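Please look over the sequence and the structure shown below before reading on. The report that follows takes up a sheet with its helices, and then the contacts with DNA.

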Number of protein chains: 2
Amino acid sequence: MDDSRFFESDTVTADDVAAEAGVSRWTVARAFKKDASISKKTRQKVLAAAERLGYAPDLLAASLASDRSNLVAIVTDDFSNPHKLVMLERLTRILRREGWGTLLVNMTGDADASSALLAASQRRVDAAVVIGTRFDDRALHTALGARRVKKLIIFARLSQNPNTLNIACDDQAAMRAIADHLLARGRRRPLFVAGPDTQSAKLDRKPGFLAYWRERTGTTPPAIHVSQYDFLCAIDGILPALEGRAPAEMPDVLVCENDIIAIGAMDGLRHRLGLRVPEDIAVTGFDDIPLAASPAYGLTTYRQPITNMAEALVEILEGKRSGDAILPGLFVARSST
Amino acid sequence: MDDSRFFESDTVTADDVAAEAGVSRWTVARAFKKDASISKKTRQKVLAAAERLGYAPDLLAASLASDRSNLVAIVTDDFSNPHKLVMLERLTRILRREGWGTLLVNMTGDADASSALLAASQRRVDAAVVIGTRFDDRALHTALGARRVKKLIIFARLSQNPNTLNIACDDQAAMRAIADHLLARGRRRPLFVAGPDTQSAKLDRKPGFLAYWRERTGTTPPAIHVSQYDFLCAIDGILPALEGRAPAEMPDVLVCENDIIAIGAMDGLRHRLGLRVPEDIAVTGFDDIPLAASPAYGLTTYRQPITNMAEALVEILEGKRSGDAILPGLFVARSST
DNA sequence: AAGGAGTTTGCACGCGAGTGCAAATTATTC
DNA sequence: GAATAATTTGCACTCGCGTGCAAACTCCTT
């Protein structure tokens, strides 16, 4: 291996490749561009020269010159849910495969949304994808940064904001599947356990479940909110609502807004209240995080179509889609019901 | 609110601000630069003008013009460990606070390392931080992309590669703390459960534990490897090693390389083998992921000093540090021992 | 008030590549 | 083989801002 180049002035530009290949700089650019008008032979020649020199196009300069950067910002404010990791993995993998870079921006709380979007826009991202739980949906379009971002996409949530695009799971269909399953198993007294009730883009899970349950049984189930999407908070939020209830008053299933809450609920039920799941009380979640499949939990849940959602995102980025994408997921029955 | 600007030709440049403030473009740049030679009064004037126009410096153009981008790539290949989420959160938060952007690159397997680093270098990152488990450490410096990256940092692992910098937890000190604790609790027959034995940058946990245990007791404990850092794989990897052992042959503690393996181990012990933790067998982990604190696991573990590690990274980025950073963490005793 | 030190401001040039159009080359037709 | 169409190549200009240096200015001293 020739390591001498390692210490050379490293930056090899399109000009160098052009000289090496005996063509002009613009021909070099064409060789690297899909569907460019260039002959096969020339492209081969240029690519070979580039290979020899170790050239790779500078995406920064390209972004500056053109009006697209092939960069998308993922702006998120909640790192306590393992499901976020699943989404990040899927998004980064698919985006990279399709030629997009990913800027990860940590939005530290509601007040930071504006500054987080600004930070993204300063890097000229082609789109910002918000995967958050605590931002103020309504304030988004007045945010300093938001109006500088070409496309603003709310991922895995539903926003009413007319300036944003939604990519989400079909919560209503999901909750119908869950409710049908529970009714078939003879559950009659559900308690819906939702996450924090913020101003952010919402989920359709709670309204979806309550409405459909009412439609099927004539009664609207009770619901509570826990303070954060975090299983310790879930335990703390759920126990006060259950302790001291007469047996007949106890719900026979906790329908949780997501898996993290459901897992906190199971832990609380088992280890604090000494109840058995599913014998004494059933539990359902949402997301199908890896832990849901563990023998300790065996959580009945609903898997979001993350891959399809990521592909919908790509369609939006490529301008092939201009409307919301509300996609169906997959109901997963396990032992917790 | 005046929304008219929303539809205007949006890009307001330093020239516009200069005109508005009645100064030159370069003075505008100075107003936005810390420690620049500019009078307080002029800076105020410029910032006010910028505010009025909604101007923010274009970091892309800045990166192109200068030789730094204030961008760092986080290159990772393992999204199944919730601890990754903790690291990502801490890194992105601290980096952003210090003025650095974060590019997240999903490295899909060993063979992809070169291309992942290339992708990062094409965006002119000032450094690439590798947080991986499956890449080939030795091949890193021959990687096409690696030599185009100014600084290559291995995070939370130890690399022998002379061209990289390591930022990691002091595994040896950690394992001493764990061993001391176990010995004090009367455990005598540990089984070390490590992750996959790859060519990637290693951890010092297994050698550290075995050596120290031998030093204290005169015997080297046995060790096994599981195929992935994933709790289902951990269950599958551990059970065959334990099933069918005579009681006297059973280890009295599983010392696991990280929490994910430990949690898989606990699940397997309890739900497959019907053993009690810690009565029949103790378990220790590493990382202190959120789930470790749940009542269901109460895992004794060791917390990596992620915040300090992130700050060490910033020091490296700023050129204030040029050597490895091996930092002490915190031993956390819970009910699993 | 002149001289000098220290501070503040302006400017030419370059970073690396995309765009749209014109020139040059090749392929096709009669 | 000439004329035409189709393809391929080259180029001026631009994107928004940093660098290093020189000019201009402020303030203080004597």
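Which residue in β9(A) does A:Val255 stand opposite?

## The sheet of chain A

In this predicted model, A:Val255 stands opposite A:Thr284, a residue of β9(A). Strand β8 of chain A, which spans residues 253-256, is joined to β9(A) by 3 bridges, and the two run parallel.

These strands belong to an open sheet of 4 strands in chain A, with parallel pairing and the order β7-β6-β8-β9. At its edges are β7 (223-225) and β9 (282-284) of chain A, each of which pairs on one side only, and neighbouring strands are turned against each other by 20° on average, direction ignored.

## Helices on the sheet

Helix α7 of chain A (residues 171-184) lies across β6 (190-194), β8 and β9 of chain A, and runs at about 170° to β8(A). Helix α10 of chain A (residues 259-272) also packs on the sheet, where it touches β6, β8 and β9 of chain A, and its direction makes about 150° with that of β8(A).

## The surface near DNA strand C

Around DNA strand C there are 26 residues, of which A:Ala14, A:Tyr55, B:Ser24, B:Thr27 and B:Thr42 come nearest. By class, this surface has 13 nonpolar, 8 polar and 5 charged residues, and α2 (25-31) and α4 (59-65) of chain A, together with α2 (25-31) and α4 (59-65) of chain B, each supply at least two residues of it.

Of the atoms of DNA strand C within 4 Å of the protein, 54% belong to sugar or phosphate, and the rest to bases. A polar side-chain atom of B:Thr27 lies 2.6 Å from a phosphate oxygen of DNA strand C, while an N or O atom in the side chain of B:Trp26 is 2.9 Å from a base nitrogen, and one in the side chain of B:Arg30 is 2.8 Å from a base oxygen.

Methods:
Residues numbered from 1 in each chain as written. Chains lettered and ligands numbered in written order. Predicted model: local features only at pLDDT ≥ 70, side-chain atom pairs only at ≥ 80, totals over all residues. Heavy atoms only, no water. Pairing = 2+ DSSP bridges. Axes fitted to C-alpha atoms, helices over the stretch in contact; angles between N-to-C directions. Contact = heavy atoms within 4.5 Å. Near = heavy atom within 4 Å. Polar contact = N/O pair within 3.5 Å; in protein donor to acceptor, adjacent residues only side chain to side chain. Nonpolar A, V, L, I, M, F, W, Y, C, P; charged D, E, K, R; others polar.
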